[in-house]
Amino acid sequence: TQQEDMYQSCPVVVNTQIYVNDLWSITAVDQKFTLDCWWRLMWVDARLKFDAEAAGMDSIFVTEALARQYLWFPDPYIVNAISSTPSKGLWYLTIRADGLVYYSQRYIFTLSCPMFFHDFPFDVQHC
């Protein structure tokens with residue numbers, strides 16, 4: 001149908017946020033650091049819209065098992081990631097009536113970062 005074709009031909013815009021809980025370690029010799037954070041993704045999937053008034057709610061919480069089985073997920077990555085480990089059970093996903101999907105999961109990332117210490121202790125690193 002025309003509606004199905006529309007969903008297949010339009011790119012999905014995925015907004016992302018990272019909220020840092022802790023910066024565990026910075027290793028200047030190995031040029032890397034470890035980050036404990038929440039990675040949040042938001043996108044609209046028009047196929048998931050629902051009538052909030054008829055449902056009696058404006059958003060739906062979805063369990064991880066159901067979401068992984070039935071929902072599409074974007075596959076983002078961090079270019080300088082050496083490793084990424086999602087924390088088991090630390091997951092949150094809601095779908096709003098307008099089709100906005102809000103997904104948040106806690107991750108531990110180890111990231112590479114070329115570090116230069118020419119102005120120590122006043123250096124600024126850009127990773």
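Predicted model: local features only at pLDDT ≥ 70, side-chain atom pairs only at ≥ 80, totals over all residues.
Helices (H or I, at least four residues) and strands (E, at least two) are DSSP runs, numbered from the N terminus. Residues are numbered from 1 along each chain as its sequence is written, and side-chain values use heavy atoms, with hydrogens and water left out.

From the N terminus on, the elements run α-β-β-α-β-α-β-β. The radius of gyration, taken over C-alpha atoms, is 19 Å, well over the 14 Å that the globule rule (2.2 Å times the number of residues to the power 0.38) gives for 127 residues, so the protein is more spread out than a compact globule. Along the principal axes, the C-alpha atoms fill a box of roughly 60 × 30 × 25 Å. Of the 127 residues, 27% count as buried, that is, under 20% relative accessible area (1.4 Å probe, protein chains only). Contacts are defined by heavy atoms within 4.5 Å. Among contacts between residues at least 6 apart in sequence, 65% join residues at least 24 apart.

Two strands pair if DSSP finds at least two bridges between them. Strand β1 (residues 15–27) and strand β2 (residues 32–44) pair in the antiparallel sense over 11 bridges. Tyr 19 has Trp 38 in β2 as its bridge partner. Four residues separate β1 and β2, which form a hairpin. In the turn, Gln 31 has a positive phi of about 60 degrees. β2 also pairs with strand β5 (residues 100–112), in the antiparallel sense over 13 bridges. Here Lys 32 stands opposite Ser 112 in β5.

Notes. Buried < 20%, exposed > 50% of the residue type's maximum accessible area, 1.4 Å probe, protein only.
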